[in-house]
Amino acid sequence: MKFFLVCFLFLIQTAAAEAVHGLAMHGDLKYKADFKNFDYVNPEAPKRGILKQAAFGSFDTFNPFSIKGNAAPGIGFLFDTLMVESLDEPFSQYGLVAETVELSPDKKWIAFNLHPKAKFHDGSSITADDVVFSFNVLKEKGIPQYRYYFQDVDKVEAVNEKRVLFTFKSSENKELPLILGQLPILSRQDWANRDFTETTLIPPVGSGPYQVADFEPNRFIIYRRNPDYWAQNLPVSKGLYNFDEIRYDFYRDTTVAVEAFKAGHYDIRQENEAKKWATAYQDMTALKDGRVIQKIFKHGMPSGMQGFVFNTRKPLFKDKRVRQALALAFDFKWINDHLFYGAYKRTTSFFDNSELASHGLPSEPEKKLLQKYKDKLDADIFTQAISFPDMEKGQLRYYLMQALDLLRQAGWTVQKGALKNENQEPFEFEILLDASGAATWERVVLPYMRNLKKLGIHASVRVMDAMQYKHKLDTFDFDMFVFVWGQSLSPGNEQRYFWGTEAADQNGSYNFAGIKNPVVDALIEQIIKAKNREDLITATKALDRVLLHEWYVVPHWYSPETRIIYWNKFDMPNIIPLKGVSLSSWWAK
């Protein structure tokens with residue numbers, strides 16, 4: 001009787017909702033209901049060949065959804081999601097496991113109607129119970145981000161075998177329907193006798209285009225394309241997942257990996273180091289005769305924020321003046337000229353390379369928004385634009401003098417060459433590095449440490465293997481480290497996970513800086529509840545401005561392009577989408 005009552009209520013609720021093939025955050029969908037494939041793929045791409053890539057560190061689990069362990073690279077290939085995000089729109093999704101969706105006119109609930117052919121690798125059908133299980137287990141036992149992403153969901157119900165209803169706590173979270181579209185679907189039956197919180201090297205039953213074919217922990221993992229992949233002919237999959245096998249081989253560090261690439265041990269490398277891009281491959285005969293190709297791909301995505309992250313949980317970094325002083329000691333120009341061949345731009349925003357970045361003084365809409373919190377903000381946020389050191393020859397001393405003045409204001413003085421506080425405690429801290437990238441990052445860290453030494457600050461470097469390094473970050477047991485927060489063209493719920501007060505005390509969150517700022521919390525909610533694109537941009541710029549003025553990081557650099565070097569074994573579509581190149585659309589010659 002209860003089941004029929006739920007069905008009856010569902011039919012009443014959904015009477016005014018239209019079943020559609022996709023959702024757009026703002027504006028209209030680019031692709032109509034009868035589209036055949038995305039524009040940035042080749043629907044006739046042949047299915048064949050092997051793609052070999054490099055990985056670093058180690059892995060000890062095939063469960064990427066638990067905080068424990070290091071997940072195998074590429075494991076996401078196993079799991080389909082309710083919907084698929086297009087790469088040539090700011091934030092739009094189209095049905096995958098969910099054939100259609102129904103969003104209520106008042107935005108208080110969404111129903112996903114599952115594709116009748118959707119199935120797991122073991123042949124069992126994907127049901128509404130699997131969707132409900134996936135949502136609940138990820139929210140209750142998964143990595144912390146899911147709790148923040150899903151916190152505005154009131155309840156989830158399996159209406160029948162192929163329909164799932166999510167009811168929201170309010171209609172203000174405009175992004176939530178699309179966040180739910182990103183839900184990875186897990187097999188309830190497969191996880192019935194497993195502990196979801198533990199690591200596992202038993203490959204889970206998925207529904208995606210690839211399956212684990214072979215592996216040896218910390219040496220290699222091979223994924224094999226599923227020839228019976230249920231979604232291979234859907235418009236969202238056409239022209240994608242073209243390699244019969246994808247293999248990852250593990251290397252100790254990037255230096256070893258570069259030599260392995262040059263020897264032909266793997267096929268493709270995204271080069272994130274400007275020096276290596278400029279010099280490491282120039283002696284290759286294969287590059288000169290066309291067997292290897294170096295290519296730059298432009299993209300239109302926000303750069304995000306890369307920088308030295310202060311752990312403000314530590315007393316040493318609680319004072320904003322101290323954090324600003326240490327940022328003034330970072331000589332980007334010297335590093336860019338001497339180490340990176342001038343390849344980068346200075347990061348001056350958490351959303352650089354996009355319309356979301358704040359620049360100069362606040363606009364009138366920003367000012368109006370920030371005025372609500374003026375009693376909790378420094379007055380200079382309204383009158384002074386953030387200024388980042390842009391050092392010409394001889395200007396380092398000028399910025400170091402500014403830094404010393406800030407340190408004196410914060411209670412630190414130089415005594416016999418060492419910076420000390422009133423309790424005669426020296427200013428000392430540690431910069432944590434991952435072993436796989438330590439050789440690269442030490443080139444950047446050491447010049448920074450030399451500048452800090454001129455201020456009387458003693459900084460040291462500590463290098464750790466991948467397992468120890470991840471544990472340190474997950475438990476916030478560090479002073480400073482290097483991190484990159486990626487950003488999208490449509491920021492939303494993930495900002496809680498990056499900067500929110502609740503996330504600061506949640507192990508495994510990305511609030512590494514330990515930010516507990518009520519204004520930041522309020523602005524995040526303004527972003528999430530933005531009624532239109534203009535409101536979203538205003539709120540994001542205001543958040544960006546507050547984060548910058550608080551100096552939670554020492555900003556580094558960014559590049560609006562992707563550098564890829566590869567053996568000439570592949571073809572790719574002619575169109576590179578807004579969000580950048582995607583290897584899933586390439587195919588073997």
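Visitor: Which residues have the most contacts inside the largest nonpolar core?

Guide: In this predicted model, the largest nonpolar core has 90 residues, and Leu326, Phe427, Phe429 and Trp499 are those with the most contacts inside it.

Visitor: And which helix gives the largest share of this core?

Guide: Helix α18, residues 533-549, supplies the largest share, with eight residues.

Visitor: What does Leu326 touch, apart from residues up to four places away in sequence?

Guide: Leu326 touches Phe310, Phe317, Phe427, Phe429, Tyr448, Leu452, Ile457 and Val554.

Visitor: How many residues are in the second core?

Guide: The second core is separate and has 81 residues, including Tyr40, Met83, Val137 and Leu180.

Visitor: Turning to helices, at what angle do α8 and α12 cross?

Guide: The axes of α8 (residues 320-328) and α12 (residues 396-409) cross at roughly 165° and come within 8 Å. Angles over 145 degrees count as roughly antiparallel, and α8 and α12 are therefore roughly antiparallel to each other.

Visitor: Is that crossing left-handed or right-handed?

Guide: The crossing of α8 and α12 is left-handed. On the α8 side, the contact is made by Arg321, Val322, Gln324, Ala325 and Leu328. The α12 side contributes Tyr399, Gln402, Ala403, Leu406, Leu407 and Gln409.

Visitor: How do the residues of that contact divide into nonpolar, polar and charged?

Guide: Seven residues of the contact between α8 and α12 are nonpolar, three are polar and one is charged.

Visitor: Changing topic, where does Gln506 lie?

Guide: Gln506 lies in the loop between α16 (501-504) and α17 (518-528). From Gln506 to Pro518 there are 12 residues in sequence and 17 Å in space, C-alpha to C-alpha.

Visitor: What is Gln506 in contact with, leaving aside neighbours within four places in sequence?

Guide: Gln506 is in contact with Pro144, Arg147, Tyr148 and Phe476.

Visitor: What about backbone angles: what is phi of Asn218?

Guide: Phi of Asn218 is near 70°, which is a positive value in a residue other than glycine. Asn218 belongs to the loop between β10 (210-216) and β11 (220-225). Asn218 counts as partly exposed because its relative accessibility is 38%.

Visitor: And what is phi of Tyr341, and where is Tyr341 found?

Guide: Tyr341 is another residue other than glycine with a positive phi, near 55°. Tyr341 is found in the loop between α9 (332-339) and β16 (345-346).

Methods: Residues are numbered from 1 along each chain as its sequence is written. This is a predicted model: local features need pLDDT of at least 70, side-chain atom pairs count only at pLDDT 80 or more; totals for chains, interfaces and linings use all residues. Side-chain values use heavy atoms; hydrogens and water are left out. Axes are lines fitted to C-alpha atoms, for helices over the stretch in contact, and angles run from 0 to 180 degrees between N-to-C directions. Helices (H or I, at least four residues) and strands (E, at least two) are DSSP runs, numbered from the N terminus. Angles under 35 degrees count as roughly parallel, over 145 as roughly antiparallel, 65 to 115 as roughly perpendicular and the rest as oblique. A crossing is left-handed if the near helix is turned anticlockwise from the far one by less than a right angle, and right-handed if clockwise. Contact means heavy atoms within 4.5 Å. Ala, Val, Leu, Ile, Met, Phe, Trp, Tyr, Cys and Pro count as nonpolar, Asp, Glu, Lys and Arg as charged, and the others, Gly among them, as polar. A nonpolar core is a set of buried Ala, Val, Leu, Ile, Met, Phe, Trp, Tyr and Cys residues joined through side-chain atoms within 4.5 Å. Buried means under 20% relative accessible area, exposed over 50%, partly exposed in between (1.4 Å probe, protein chains only).
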